[in-house]
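Open the model in your viewer and keep the selection tool ready. We will go from stop to stop, picking side chains as we go.

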Amino acid sequence: MKTHPILGLMLKDFYAIRGYLIRQLVLLLVVYLIIGIGLQTMSMLPSMLLLGVTMSLISIFSLDESSHWNAYALTLPITPRDLVISKYLMYYGGMYVVGLLASLFSAALDVLLFSGAEDAMESLIMGVGGGLAILIIYSLVIAVDIPLYLKLGTEKSRIPTTLTFLVPFVAIFPTVSYWGPWLANLDYRSVNWPLVALIALVFILLIIVGSCIVSIRIMEKKEY
């Protein structure tokens, strides 16, 4: 049975980093479970696991660059489009699987360990909602970073990509006085969550598709 080039490229990337990825996630899970129990909140767990998976996936670009993989791949029946789409599917697929599972897991632990039965639903909504908010931020950051990796290479793009991770979180502190009280007083049961989820999904998809198109053009113009 013939394997599609994109699937083959994703499997190549997964096998290249799976050992490092698993060790990184297990270590972060253990460390932040201990910290969460001490602080009596698991709210940091999704963001830390997402950071771990995104840092692990950056290794894919470093490995490809050091081994001159893209130059070799383009001599095969593989197109620049295949190379780029496989990276986006691998990056966002891994990030969303880990992010969603971590959000559900941390919210469930908050309910089981720290919340009473009467606050269970609100704790679940806040926990999952917080994890999804972090996932949205990371989705936007990665949409900027992947074109940078492809254009500049992993070494030259270290500083600008680090800034893209820092800026959204640094921006939270000076603006929290504006949106913090609104969130604190929000009646979560009255929110139309399906509509909010649909709007967020469409917005993220548009950003990712635009980023992917830019990355494909960068890859098509590169000379090896």
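Select lysine 87 and aspartate 64: are they buried or exposed? Lysine 87 is buried, and aspartate 64 is buried too. Keep both on screen. First, a word of caution: this is a predicted model.

**Stop 1: colour by confidence**

Colour the chain by pLDDT. The average is 84. A score of at least 70 is reached by 90% of the residues. Now select helix H7, residues 172-184. Among the elements of the chain, H7 has the lowest mean pLDDT, 72. Helix H8 has the highest, 91.

**Stop 2: aspartate 64 and its partners**

Go back to aspartate 64. Its relative accessible area is 7%, under the 20% cut-off, so aspartate 64 counts as buried. Show its side chain together with that of lysine 87. The two meet in a salt bridge, 2.7 Å from N to O. This pair links distant parts of the chain: lysine 87 sits in helix H4 (residues 80-114) and aspartate 64 in helix H2, 23 residues apart.

Lysine 12 has 26% relative accessibility, so it counts as partly exposed.

**Stop 3: a pair to compare**

Select arginine 158 and glutamate 155. They form a salt bridge, with the closest N and O atoms 3.1 Å apart. Glutamate 155 has 53% relative accessibility, over the 50% cut-off, so glutamate 155 counts as exposed.

Now select Lys12, Asp13, Asp64 and Lys87 together. Salt bridges that share partners join these residues into one network. In the whole structure, a search finds five salt bridges.

**Stop 4: a charged patch**

Finish at the surface. Select Lys151, Arg217, Lys221 and Lys222, which form a positive surface patch. Zoom in on lysine 221. Lysine 221 lies in helix H8, residues 193-221. Is lysine 221 buried or exposed? Lysine 221 counts as exposed because its relative accessibility is 70%.

Notes. Residues are numbered from 1 along each chain as its sequence is written. This is a predicted model: local features need pLDDT of at least 70, side-chain atom pairs count only at pLDDT 80 or more; totals for chains, interfaces and linings use all residues. Side-chain values use heavy atoms; hydrogens and water are left out. Patches are made of residues with over 30% relative accessible area and no salt bridge: like charges are joined within 9 Å, nonpolar side chains (Val, Leu, Ile, Met, Phe, Trp, Tyr) within 5 Å. Accessible areas come from the Shrake-Rupley method with a 1.4 Å probe; for residues, only the protein chains shown count as cover. A salt bridge is a side-chain nitrogen of Lys or Arg within 4 Å of a carboxyl oxygen of Asp or Glu. Lys and Arg count as positive and Asp and Glu as negative; His and the chain ends are not counted. The place of a charge is taken as NZ of Lys, CZ of Arg, CG of Asp or CD of Glu. Helices (H or I, at least four residues) and strands (E, at least two) are DSSP runs, numbered from the N terminus. Buried means under 20% relative accessible area, exposed over 50%, partly exposed in between (1.4 Å probe, protein chains only). pLDDT is the predictor's confidence in each residue, from 0 to 100.
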